[in-house]
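Have the sequence and the 3D view at hand, and look up each residue as you come to it.

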Amino acid sequence: MSDELSVGIDFGTTNSALAIVDAQGEPQLEGPLRSIVQFDPERREPSGRLIPAVGPDAVEAWLDIRADGRLIQSAKSFLASKLFLSTNVFGTTFSLETFVGYILRALRVRAEARFGAIPDRAVVGRPVSFAGAAARADEDLALRRLTRAFSEAGFREVRFEYEPVAAAWHFEHALDADALVLIGDFGGGTSDFSLARVGPGERARRRRSESILGSDGVALAGDAFDGKLVRHLVAPRLGRGDTFRSPFGKVLPVPTWLYGHLERWNHVSFLRSRDTLGILYDLQRDAVDPGPLAAFLHLVENDLGFELYRAVQVTKEALSTSDEARFHFRDGPLVIDVPVARRDFEAWIGDELEAVARCVDGLLARTGVAPADVDRVFLTGGSSLVPAVRRLFEERFGDARIATGSEFTSVARGLGLAAAS
Ligand SMILES: Nc1ncnc2c1ncn2[C@@H]1O[C@H](COP(=O)(O)OP(=O)(O)OP(=O)(O)O)[C@@H](O)[C@H]1O
Ligand SMILES: [Mg+2]
């Protein structure tokens, strides 16, 4: 790399951030910015082009006109999907990279307002495995799309770094002795791990890649936890598990695939297609108990996915600090108000926790590192705030070796440091 300046950028499933290192060597941060884009059919340039709203502006605009607009969230989870070619928003065809480019551009414009001109070269985070990637070709597709998105946002050159490796650089920044560290970065879409030797001595190495012993990841994180809350708290009140009378008089179960879409934020608006709405109208008409399906229709017709997401978020956050919480959601005929115990939540996300544990144990085994050899464990990312996630590491490494913090900024800060080195 030449000695031209570059910045660090963490494009996250839920939150994105940019970091640029100042003259004192400290990363200065822009963000976190919510990784969401909203469109209003009336908000256009004179040429007719839709003007996107991003981050908090997108939330505000959404709450203003709700289902009359369109909201795109968790776009990162589609990057590795061959099936996502383009989507039509109010008469304009958009590629995925254009949505992502809008978020990156908003981040850059905000950063420029604070720090002045921003370099057009970036060190960019990537998960170890992208959500939905089954093969190497899918990972390559995701990286090509990300590169194009950065180019659309005005970045001429990007270099990718694993997100947990970036978090390791952030953690290293505060260490005064070399240590073998395990990093766990739990985000919205993916949980990623790296084993690395970091510290002042390691920093002096010419090839930093030698400090990394190994990395691995799973495409299960906060969005999957949300999905489980929806499955257990919401779907049963919208007709999941109910029955309807078929035209031939048979009593059949309401199809469960409808509720699968409900469990993924970026899929809820798919339910608004004419075909699916037709199915829902028929089901409501024929349901043995039409009430829950009427509530489901209300949710889909009014595109309440984002409102539902916010309610789930409130409950999930409350369960991170208390043993009991309530899930509350109210909109028209759709009223849900139920208590939730942390113990139940932990049982619902049992499969995800197990997959995370397998991934960590596999990484240790593959690198030949025994848990006793790990000096420090650094847990970061929003979903590391879930107590059951932390407990997986307490069981393996004990409380004293675990450090936490900078949940929403460690990856961007580490990318900034990598960009400056
Ligand atoms: N207090 C909390 N308790 C539990 N989960 C939380 C809490 N705060 C935030 N989260 C979850 O953390 C996730 C977002 O974390 P973060 O910003 O680190 O992800 P991201 O970097 O956008 O995603 P990824 O790294 O997977 O691309 C969301 O799923 C959010 O619901
Ligand atoms: Mg992240």
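## Helix 10

Which residues of helix 10 are buried? They are Gly305, Phe306, Glu307, Leu308, Tyr309, Ala311, Val312, Thr315, Lys316, Leu319 and Ser320. Please keep in mind, here and below, that this is a predicted model.

Helix 10 covers residues 305-321, which is 17 residues, and at 1.5 Å a residue it should span 24 Å. The C-alpha atoms at its ends are 25 Å apart, so the model agrees with that expectation.

## Aromatic pairs

The structure contains 16 aromatic pairs. One of them is formed by Phe39 and Tyr102, with an edge-to-face arrangement: the centres are 6.2 Å apart and the planes make an angle of 65°. Because Phe39 belongs to strand 4 (residues 37-39) and Tyr102 to helix 2 (residues 96-115), this pair ties together parts that lie 63 residues apart in sequence. Phe39 counts as buried, at 0% relative accessibility. Tyr102 is buried as well, with a relative accessible area of 14%.

Phe193 and Phe393 give another example: their ring centres are 6.4 Å apart and their planes meet at 35°, so this pair is tilted.

Elsewhere, look for Arg108, which lies over the face of Phe155 at 5.8 Å from the ring centre.

In soluble globular proteins, nonpolar side chains tend to be buried together. The largest nonpolar core here has 73 residues, and those that touch the most other members are Leu182, Tyr259, Phe296, Phe327 and Phe393. Helix 12 (residues 350-367) supplies the largest share of this core, with 7 residues. To see how one member is surrounded, select Phe296: leaving out residues up to four places away in sequence, Phe296 touches Leu238, Leu258, Tyr259, Leu262, Leu271 and Leu280.

Another core, of 38 residues, lies apart from the largest one. Its members include Phe94, Val124, Phe150 and Phe155.

## Backbone details

Most residues other than glycine have a negative phi, and most peptide bonds are trans. Some places in the model depart from this pattern. Gly31 and Pro32 are joined by a cis peptide bond, with omega at about 0°. You can find Pro32 in strand 3 (residues 27-34).

Arg66 is not a glycine, yet its phi is positive, at about 40°. Arg66 belongs to the loop between helix 1 (56-65) and strand 6 (70-72), and with a relative accessible area of 27% Arg66 is partly exposed. Asp303 likewise has a positive phi, near 50°. Asp303 lies in the loop between helix 9 (290-301) and helix 10. Is Asp303 buried or exposed? With a relative accessible area of 6%, Asp303 is buried.

Ile336 is part of strand 17 (residues 334-341) and counts as buried, at 2% relative accessibility. Apart from neighbours within four places in sequence, Ile336 is in contact with Leu233, Val234, Arg237, Phe327, His328 and Phe329. Now find Arg376, 40 residues from Ile336 along the chain: the C-alpha atoms of these two residues are separated by 43 Å.

Ser211 is in the loop between helix 5 (200-203) and strand 13 (212-218). At 0% relative accessibility, Ser211 counts as buried. What joins the side chains of Ser211 and Glu202? A polar contact of 2.9 Å does. Not counting residues up to four places away in sequence, Ser211 touches Trp169, Leu195, Ala196, Arg197, Glu202 and Arg205.

Conventions:
Residues numbered from 1 in each chain as written. Chains lettered and ligands numbered in written order. Predicted model: local features only at pLDDT ≥ 70, side-chain atom pairs only at ≥ 80, totals over all residues. Heavy atoms only, no water. Helix = DSSP H or I, 4+ residues; strand = E, 2+ residues; numbered from the N terminus. Expected span 1.5 Å × (residues − 1). Buried < 20%, exposed > 50% of the residue type's maximum accessible area, 1.4 Å probe, protein only. Phe/Tyr/Trp six-rings, centres within 6.5 Å; stacked < 30°, edge-to-face > 60°. Lys NZ or Arg CZ within 6 Å of the ring centre and 35° of its normal. Core = buried A, V, L, I, M, F, W, Y, C linked by side-chain atoms within 4.5 Å. Contact = heavy atoms within 4.5 Å. Polar contact = N/O pair within 3.5 Å; in protein donor to acceptor, adjacent residues only side chain to side chain.
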